[in-house]
Amino acid sequence: MMAGPFSITVGAVGISTAAITSILQLKEFISGLVDAPSELKKIRADLEAIEPSLSALKVISTPDEQTLGAAKAEVEKTGLAKAVNSCGDACERFNARLGKWTRHSSREKMDWTDRLKIGVWEKSAIQKMAVQVETCKTTLSLAVTSTNLLVLNRLSQSGVESDSKKAELQAQMKSLEDEIQENIKLSKQLEADREERREKAEQALDEADDEEESKINSALSELRAESDVLEDFQVNCGTIFSQVQSGRTGLVIGDVKTDESGLAIVGLPESVIGRINARIGNATTAKNASAFVGVYDKNVGSGGFFRPPQPGRMKG
């Protein structure tokens, strides 16, 4: 880590103390349920990864106020503050609901009726919460890593660095670009899974009685909220990707935005890097849209790059 007197603070980039407190409180609540089902354990594991990333953000240091200002601006554009604050709000609400769902349970054992409620009746709410926490964790990790690399890259360009150090930094930035693209693909798979669940819920609604109808409508509301979370995550990933690739290659392209179900390949082949100075604006994709923005291999085409993703978890 580059030493310096100026550091990024959590509050300076818009992350609220209340959000962090809510995240920690939910983590502690779930940790207190020794016999918690796997769905809740996954949420807890992702919550545990958020605090170290927030600490890593504060560790990023810069040698002067100008570099600090650039780093803060980059963090703000990533949507990091909104992701963490929204997660905090969701954690506060979920903590209260979880308290009601587990009111028959103790710290030593989960009551079977509570386990049934969590595993079946409230499944959509828990799935939505899992997506909220995972996308927050991944956005935070990607944003912190990208900001640190961009700071180091900016300093390497203004100072004297060996060719091997510069090559190592370029390789790290390229690796992060690949990781971001993988997360975008995985989020689109999650969106496809969510859409399948929505279709099944709407089909069940046609044959539901009054009590079932209320539960299904509640599930549909959770599914709509889940879709919004995934869309925000894809926008954040697109922004972070464009920042990293701009820093690595010097590529300049205006803002890129796709329509719903649209397709975009914008940029230049790898072979021209070093000969063209350019930067990329913000890249956003609408619902069910796909985009590749930046530097690409000569063999990249819509048939290869936009192949349907395989199921998996986000990386971050």
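A: A residue counts as buried if its relative accessible area is under 20%. The model discussed here is predicted.

The crossing of H1 past H4 is left-handed. On the H1 side, the residues in contact include Ala-19, Ile-23, Leu-26 and Phe-29. On the H4 side, they include Cys-87, Cys-91, Phe-94 and Leu-98. Sorted by class, this contact has ten nonpolar, six polar and one charged residues.

Phe-94 is buried, because its relative accessible area is 3%, and the cut-off is under 20%. Trp-101 is also buried, at 6%. The structure has one aromatic pair. In that pair, the ring centres of Phe-94 and Trp-101 are 5.5 Å apart and the planes stand at 85°, so the arrangement is edge-to-face.

The cysteines come next. A disulfide is a covalent bond between the sulfur atoms of two cysteines. The count of disulfides here is zero. For Cys-87, the closest cysteine sulfur belongs to Cys-136 and is 3.9 Å away, too far for a bond, since the two sulfur atoms of a disulfide must lie within 2.5 Å. Cys-91 is in no disulfide either, and its nearest cysteine sulfur, that of Cys-87, is 4.0 Å away. Cys-87 is buried, with 0% relative accessibility, and Cys-91 is buried with 0% as well.

Key:
Residues are numbered from 1 along each chain as its sequence is written. This is a predicted model: local features need pLDDT of at least 70, side-chain atom pairs count only at pLDDT 80 or more; totals for chains, interfaces and linings use all residues. Side-chain values use heavy atoms; hydrogens and water are left out. Rings of Phe, Tyr and Trp (its six-membered ring) pair if their centres lie within 6.5 Å; planes under 30 degrees apart count as stacked, over 60 as edge-to-face and the rest as tilted. Buried means under 20% relative accessible area, exposed over 50%, partly exposed in between (1.4 Å probe, protein chains only). A crossing is left-handed if the near helix is turned anticlockwise from the far one by less than a right angle, and right-handed if clockwise. Helices (H or I, at least four residues) and strands (E, at least two) are DSSP runs, numbered from the N terminus. Contact means heavy atoms within 4.5 Å. Ala, Val, Leu, Ile, Met, Phe, Trp, Tyr, Cys and Pro count as nonpolar, Asp, Glu, Lys and Arg as charged, and the others, Gly among them, as polar.
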